[in-house]
Amino acid sequence: MNTESTQQTEVGCPPGQLMFKRKWTDTLRVTFRAVIKVKGGLWGGIFISIMLICAIGAQWIAPSDPNAQDIMSRFAAPSRDHFFGTDYLGRDIFSRIVYGCRIAVLVAFGTVTFSSVIGVFLGVVSGYNEGKKLDYFIIWLFDIIRSFPQIILALGIVAVLGPSLFNVVIALAFTAFPFYGRIARAQTLSVKQADYVKAAEAMGLKPFQIIMRHITPNIMAPVIVCLGMDMATMIVWESGLSFLGLGVRPPEASWGIMLRNGYKYMQTSPWMLLWPALAISLAMIAFSLFSEGLRVALDPKERER
Amino acid sequence: MLKYIIKRALWVIPTLLGVLILLFGLTYLMPGDPASAMLGPRATPELVAEINQRMHLDRAMPVRLGYYLAGVVKGDLGTSVWSGHKVSSLLAEALPHTALLALTSLGIAAVIGILLGAFAAVRRNSPIGGCVTIVSLLGVAVPDFVAALLLMLLFCVLVPILPALGAGTPGDPVDILMHLILPATALGIGWVGYLARLTRESMLDVLDSDYIRTSRAFAIPGKTITYRYALKNAVIPSITVIGLGVGKLLGGAVFVEIIFSRPGLGKLIVDSVHARDFPVVQGGILVATLLFVLANLIADISYAFVDPRIQYE
């Protein structure tokens with residue numbers, strides 16, 4: 001073992017290459033270009049961009065305040081004044097859908113950020129310490145949380161924390177992080193055999209530095225693919241929790257809350273139900289197309305096809 | 001293989017222990033005081049103290065955890081704070097409805113999905129291929145609870161031909177079946193597309209493999225090759241997916257049951273969350289988790305049986 005690693009440092013990369021560091025913005029740009037070259041990835045990217053624009057510029061895009069009530073024109077069918085009609089308080093549904101993008105985007109990015117950071121860190125630590133007590137403990141932790149049906153655990157956590165946007169993000173992230181952890185751990189097991197990790201060990205780097213600098217950046221591809229699909233799931237679950245009255249609090253314009261109201265008035269004004277349903281479906285399609293594009297773009301085997 | 005199965009089965013024990021600890025921890029963090037919730041305006045200090053003593057709420061945390069674990073092992077999940085019924089009997093009432101719904105939708109979805117995928121793989125350029133693509137896209141795009149809402153709008157409001165609410169009169173199979181159609185469709189539609197796509201992919205791989213070519217060379221009839229030799233290996237990925245999917249199915253059942261107002265496990269959990277009836281929430285989550293763990297165990301073990309090529313350490 002000892003001779004092996006000395007040999008590798010001798011043969012290893014020339015010093016110049018060792019210092020070479022790719023800027024993360026470059027990586028992002030290259031990946032993005034590869035994704036939009038995939039057929040579906042482009043459409044997914046366009047839809048997601050529209051959602052992002054709506055989320056950021058909701059106050060300029062929406063024709064009226066999402067909570068402005070107009071009791072005189074309650075339950076108005078779609079018309080020139082109200083593109084998508086109005087709901088039971090006379091609120092403009094189009095504006096509420098636009099503002100709903102904000103919550104959807106916040107939840108999607110918030111949960112996957114929390115869950116992937118925690119999950120990847122624990123996964124890498126566990127994989128790096130393979131076979132040790134810490135490894136078994138982390139696997140045990142992952143398996144406990146993965147034992148629960150995800151949305152049911154999220155329900156339980158929201159029940160304890162109380163319904164709010166932040167708590168929904170926390171609850172969903174808590175149920176999702178072991179999945180990133182499993183991926184990260186499996187990847188780490190193969191990456192840590194690589195020469196550059198052995199070289200870093202031989203140079204006397206601390207385990208933490210090796211984990212952060214040498215392993216984590218090299219296991220991100222499958223994690224990123226998972227991120228894309230997970231965002232779609234999180235949007236749906238946020239809507240689901242809000243639909244049950246356990247998510248974002250009314251009068252906040254969440255698609256789930258709009259569905260809940262639509263469900264109540266389904267018989268008289270079906271448009272109250274149809275528009276948020278359409279918004280959720282489009283978001284689902286967009287994120288799955290985009291993540292499919294990511295998968296193809298990041299997988300060298302697929303790219304050759 | 002036997003060693004793998006035993007190892008896999010034994011791993012369930014520490015996992016379930018962790019599940020129980022986590023569930024207990026959730027209740028422990030739960031704001032509010034169960035005793036005053038139970039008693040409402042009648043709460044006097046003496047009554048509160050008595051209930052706290054009966055439910056061991058006045059004891060230290062580890063002692064309460066011990067009582068909880070012992071109770072679960074004995075099958076005692078506590079009593080509902082609101083109705084005073086035993087949690088276990090509430091669950092026993094709700095579970096058959098959920099089981100019927102989940103098994104129907106999963107069973108039908110598996111049969112349709114796998115056959116559709118196999119057809120699409122065998123006749124590569126037929127319209128069935130396009131059909132699979134559309135159904136799987138639909139399954140991705142329309143999550144189960146949105147599907148439930150849309151189906152309800154379509155078949156209960158616009159064209160009222162199917163019943164909207166409830167689980168049907170007990171003992172009347174036709175009525176129960178009528179009440180099952182929409183929820184089962186809503187829950188299963190995503191699975192049809194997913195399983196069809198999965199089976200198509202793996203079937204295409206299998207049909208290209210050497211042993212299929214060899215069987216062709218032996219002049220074994222095409223149908224035998226497709227359905228007996230190829231399909232058997234092509235469904236392997238679906239088995240794991242179905243095992244993992246039971247969790248998603250139970251989660252989806254929560255929404256579908258709420259929407260169609262079926263008195264199942266999911267509705268029980270959500271109603272109890274709203275009522276802050278935490279023993280019932282705890283019991284409901286525990287039962288759902290047990291079912292999920294069991295399904296995964298069965299899937300993993302059957303995986304080992306179906307695919308003897310896989311080597312386990």
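A: Two residues are in contact if their C-beta atoms, placed from the backbone, lie within 7 Å. Among contacts in chain A between residues at least 6 apart in sequence, 70% join residues at least 24 apart, and the corresponding share in chain B is 73%. The model is a predicted one, in which local features need pLDDT of at least 70 and side-chain atom pairs count only at pLDDT 80 or more, while totals for chains, interfaces and linings use all residues. Residues are numbered from 1 along each chain as its sequence is written, and chains are lettered from A and ligands numbered from 1 in the order in which they are written.

Helices (H or I, at least four residues) and strands (E, at least two) are DSSP runs numbered from the N terminus, and on this basis chain A has 15 helices and zero strands, whereas chain B has 13 helices and zero strands. A residue is called buried if 20 or more other C-beta atoms lie within 10 Å of its own, exposed if 12 or fewer, and partly exposed in between, again with C-beta atoms placed from the backbone. Buried residues make up 47% of the 305 residues in chain A and 41% of the 313 residues in chain B.

The contact between the chains takes 35 residues from chain B and 32 residues from chain A. On the side of chain B that touches chain A, the elements giving two or more residues are α1 (2-29), α6 (127-141), α7 (144-158), α11 (236-259), α12 (265-274) and α13 (278-306) of chain B. That side has 30 nonpolar, five polar and no charged residues, where Ala, Val, Leu, Ile, Met, Phe, Trp, Tyr, Cys and Pro count as nonpolar, Asp, Glu, Lys and Arg as charged, and the others, Gly among them, as polar.

The buried residues of α6(B) are Ile128(B), Val132(B), Val135(B), Ser136(B), Gly139(B), Val140(B) and Ala141(B), and what covers them includes α14 of chain A together with α5 and α8 of chain B.

Axes here are lines fitted to C-alpha atoms, for helices over the stretch in contact, and angles run from 0 to 180 degrees between N-to-C directions. The crossing of α5(B) with α8(B) is right-handed, meaning that the near helix is turned clockwise from the far one by less than a right angle, with anticlockwise giving left-handed. This contact has 24 nonpolar, six polar and two charged residues.

The crossing of α8(A) and α12(A) is right-handed. Here Ile151(A), Ala154(A) and Val158(A) of α8(A) meet Trp237(A), Gly240(A) and Leu241(A) of α12(A), which by class gives five nonpolar, one polar and no charged residues. Helix α6(A), residues 93-128, and helix α11(A), residues 207-215, have axes that come within 11 Å and cross at roughly 120 degrees, again in a right-handed sense. Val124(A), Val125(A) and Tyr128(A) of α6(A) make this contact with Pro207(A), Ile211(A) and Ile215(A) of α11(A), a set of six nonpolar, no polar and no charged residues.

Two individual residues of chain B complete the picture. Ile6(B) lies in helix α1 of chain B and is exposed, with 10 other C-beta atoms within 10 Å; Ile6(B) and Ile301(B) are 295 residues apart in sequence and 9.5 Å apart in space, C-alpha to C-alpha. Ser261(B), in the loop between α11 and α12 of chain B, has a positive phi of about 50 degrees although it is not a glycine, and counts as exposed with 12 C-beta neighbours inside 10 Å.
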